[in-house]
Amino acid sequence: MRWMDPDDVTPAAALCGLLATPERLRAVAALALGAETIADVSGATGLDTRKAAQALARLQTGGLVEQSADGTWRLRTEVFAAAAAEPAQPGSDEAVQYGTDDREAVKVLRTFMPGGRLTSFPASHSKRRIILDHVARAFEPGRDYSEREVDTLLRVFCEPGGPGGRATRGGGAPADYVTMRRYLVDDGFLSRKDGRYWRSGGTVDLG
């Protein structure tokens with residue numbers, strides 16, 4: 001009997017654990033190739049029927065396979081899709097890379113700043129603010145910057161190629177440092193006076 005409901009999602013780490021033994025991995029491969037019974041799995045994998053049954057039972061407990069009323073077995077391929085789409089969790093590599101464990105923020109940053117460089121600004125203002133907040137944290141609160149210093153910092157986040165950059169994604173503005181500087185000022189992340197800039201908004205890292 002399965003302890004998981006059909007709609008439950010097996011996390012990626014648990015999925016890897018289910019496939020960690022050769023017997024279970026071979027059983028999954030057999031089902032993927034069309035095996036439907038314990039005998040089919042045994043014949044396709046070379047496992048004896050006892051080991052084939054044990055592998056299927058463990059995979060069923062983990063929610064990766066299911067047995068129908070007529071006794072045939074099915075690989076729940078939707079579990080792989082759900083694991084692949086699993087959002088970043090606190091402490092994950094992406095959460096560390098982007099400095100936040102907010103799932104929505106990580107999703108936006110992953111889409112528009114792969115590798116830490118901006119490909120384009122999203123058309124959505126709320127998503128754009130997530131990017132601006134991330135970039136603004138490069139500026140130290142309480143410190144004044146010249147425009148040249150601001151531009152030097154912002155170039156780090158932009159794609160190579162200077163103003164105009166590459167083709168935009170999602171209908172947004174090009175990912176150039178001049179546009180980024182304007183957005184930071186317009187949205188209140190940076191203030192400007194007499195050619196000097198300073199941090200005036202956004203998330204502050206306290207740690």
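1. Leu154 touches Val135, Phe139, Tyr177, Met180, Arg181 and Leu184, leaving aside residues up to four places away in sequence, where a contact means heavy atoms within 4.5 Å. Apart from the core discussed in point 3 lies another core, of 18 residues, among them Val28, Leu47, Val65 and Val79.

2. This is a predicted model, in which local features need pLDDT of at least 70 and side-chain atom pairs count only at pLDDT 80 or more, while totals for chains, interfaces and linings use all residues. Residues are numbered from 1 along each chain as its sequence is written, and side-chain values use heavy atoms, with hydrogens and water left out.

3. In the largest nonpolar core, Leu154 is listed with Ile131, Val135, Met180 and Leu184 as the residues that touch the most other members, out of 24 residues. A nonpolar core is a set of buried Ala, Val, Leu, Ile, Met, Phe, Trp, Tyr and Cys residues joined through side-chain atoms within 4.5 Å, and buried means under 20% relative accessible area, exposed over 50%, partly exposed in between (1.4 Å probe, protein chains only).

4. Helix α9 (residues 147-157) has Val150, Asp151, Leu154 and Phe157 as its buried residues. Seen down the axis of α9, these fall within an arc of 105 degrees, so they line one face of the helix; the arc is that of the directions from the helix axis to the C-beta atoms. The face turned away from the buried side of α9 carries the exposed residues Arg148 and Val156.

5. The protein has 10 helices and 5 strands, which are DSSP runs numbered from the N terminus (helices H or I, at least four residues; strands E, at least two).
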